[in-house]
Amino acid sequence: MSAVAAVARALPIPAGAGLARALIERNARAFRHGWITLVSGVFEPIFYLFSLGVGLGALIGDVDAGGGRMVEYAAYVAPAMMAAAAMNGAVFDSTFNLFFKLKYAKLYDSVLATPLGPRDVAVGEIGWALLRGLLYSTTFLVVAAAAGVVHSWWSLLALPAASLIGLAFAAVGMSVTTYLRSWQDFDYIQLALLPMFLFSATFYPLSTYDESIRWIVQATPLYHGVAMIRDLMLGDVAWGILAHVAYLAVMGVVGLLFAAHRIERLLLR
Amino acid sequence: MISAHRLTKRFGGFTAVDSIDVEVRRGEAFGFLGPNGAGKSSTMRMIGCVSPPSDGSLRILGLDPARDGPAIRARLGVVPQRDTLDEELTVRENILVYGRYFGLSRAHVRAKADELLEFAQLTDRADSVVEPLSGGMKRRLTIARSLVNDPELLLLDEPTTGLDPQARHVLWDRLFRLKRSGVTLVLTTHYMDEAEQLCDRLVVMDGGRIVAEGSPRELIALHATREVLELRFAADDHAPYAAKLTDLAQRVEVLPDRLLLYTDDGDATAAAVQRRGLAPLSVLARRSTLEDVFLHLTGRTLVD
């Protein structure tokens, strides 16, 4: 234990008491009084699946899922909806909800007076966002399977994959939130999210883009999330998927440490 | 319990706490008195291990806040100036969840919550949400919550500011009981009656420095006379009257609406004033209070 503490002091990792679970428990209790927010998170990707995948998909027919393999459009777009929902859920939790707790409810002022430290706050809040996200992605996967657009047992790995997307976006979202001054600033977040949602090879293959601009798409995190989950749900798994995993894992860990550092800077002055 | 030496807190170029020395002993009630902006809250935040000192040394419960912050905070109770209750939870849940932040078991915090709700006279509001509670109730809940870990040291930042007189007396009573049970209390206040009621020892802070230190009695003896005679005359300017009375008291202070004569025997001085043929509209002889000390030390100018 003291060796761990010594290492933690040597590294630029903000302090914590390993009690992040207490904050998760707090959020779960608060959630019981406001469960309605759960419903919107569950239905958002399902609505997209039926509107775009099933509805619009009837006009589109089959699409090339890469390597000349043809799949129906709903099966092609379902993984993208799952990835995008993981992103949206994580961002919503780590921006709007966090901003409220930080600036108005002053929740962390009282939390940090206990043994909990800034690292516990970051881990606890992001952990909670992931738990919620897991609930959403599980319901989505069940509905997608029932609709007959899930074709591979690899799809089960889409659940932890969606959590990884959640981690990456929640961690960065939390970091960004510590810089926001007012509710108006949230428009900047929307400005970043919407084009990512629309253009990250979500609704059509990357090959649609001209060679010269593909790298821009490939640089964005949602592209990697969509590609990763699509590979899994279509059962198209190769070693290349680890590049997506690595991208999102690095984004998540760096984001989390930075978020904890920012909480420390803001509240422990 | 607390040992601070040349403790300093700077925010950029502004020095909020300027090289103060403080010793707090186990079991006592210790007060930080001072006007707004004197550095009381900054000092409390450093003691609460949520604000690193800029300079000087600080030991709390024999430990160093920079190294052992979580271990120290585990043994502290903190009542912040502004209630930071969790409005998304009920009254009982506020105590339960707060206890879990200390890593206490669910069974333990459940039992503790019942006991603390009783202590704070909130048992019948246990399942209410926090928002509709009165100011006094919220304050009592904040204090109840801060006791969930059975702290050895309780930090109270302006515990009764904004409360009505009844609520203040209830709170004082609760704090007395805590002190009797052996909890060390450290509080800030700008209410003199509160300091006289609660504190065994106190320091007066002004502009980030300690300007006086001692028990309430000692401070009054040192910085004020035993009694104060207040005289009000039918005049807009009281200064000319002061000139005629300086030899009757140890110190005469001119206020816009009255004169204060610092003396050891108020009635005798009042008689002497009458003998000079001066006829004040009103005469009041009273004992000196900590307020006289406070105003003498920190001045009457409004600070914000």
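The model is predicted. Leu202(B) is part of strand S8 of chain B. Is Leu202(B) buried or exposed? Leu202(B) counts as buried because 26 C-beta neighbours lie inside 10 Å, and the cut-off for a buried residue is 20 or more. Apart from residues up to four places away in sequence, Leu202(B) touches Phe30(B), Gly31(B), Leu33(B), Ala195(B) and Pro216(B).

Strand S8 belongs to an open sheet of 6 strands in chain B, with the order S5-S6-S7-S3-S8-S9 and mixed pairing. Strands S5 and S9 of chain B are the edge strands, and each pairs on one side only. From one strand to the next, the twist averages 15°. Helix H11 of chain B packs on this sheet and touches S3, S8 and S9 of chain B. The direction of H11 makes about 30° with that of S8(B).

| Element | Residues |
|---|---|
| Strand S3 (chain B) | 29–33 |
| Strand S5 (chain B) | 76–79 |
| Strand S7 (chain B) | 184–189 |
| Strand S8 (chain B) | 201–206 |
| Strand S9 (chain B) | 209–214 |
| Helix H11 (chain B) | 290–298 |

Strands S3 and S7 of chain B pair in the parallel sense over 5 bridges. In this pairing, Phe32(B) has Thr188(B) of S7(B) as its bridge partner.

**The core**

The largest nonpolar core has 157 residues. Among the residues with the most contacts inside this core are Ala78(A), Ile126(A) and Leu155(B). Helix H4 (residues 73–104) of chain A contributes the largest share, 20 residues. From chain B, the core draws at least three residues from each of domain 1 (2–214) and domain 2 (225–287).

Which residues does Leu155(B) contact, leaving aside its neighbours within four places in sequence? They are Met44(B), Ile47(B), Gly48(B), Leu76(B), Gly77(B), Val78(B), Val79(B) and Val186(B).

**Contact between the chains**

On the side of chain B, 20 residues are in contact with 23 residues of chain A. Helix H2 (65–73) and helix H3 (91–101) of chain B each supply at least two residues to this side. H3(B) gives the most, with 4 residues. By type, the residues of chain B that touch chain A divide into 9 nonpolar, 5 polar and 6 charged.

Conventions: Residues are numbered from 1 along each chain as its sequence is written. Chains are lettered from A and ligands numbered from 1 in the order in which they are written. This is a predicted model: local features need pLDDT of at least 70, side-chain atom pairs count only at pLDDT 80 or more; totals for chains, interfaces and linings use all residues. Two strands pair if DSSP finds at least two bridges between them. Axes are lines fitted to C-alpha atoms, for helices over the stretch in contact, and angles run from 0 to 180 degrees between N-to-C directions. Two residues are in contact if their C-beta atoms, placed from the backbone, lie within 7 Å. A residue is buried if 20 or more other C-beta atoms lie within 10 Å of its own, exposed if 12 or fewer, and partly exposed in between; C-beta atoms are placed from the backbone. A nonpolar core is a set of buried Ala, Val, Leu, Ile, Met, Phe, Trp, Tyr and Cys residues joined through C-beta atoms within 7 Å. Domain bounds come from an automatic or database domain assignment. Ala, Val, Leu, Ile, Met, Phe, Trp, Tyr, Cys and Pro count as nonpolar, Asp, Glu, Lys and Arg as charged, and the others, Gly among them, as polar.
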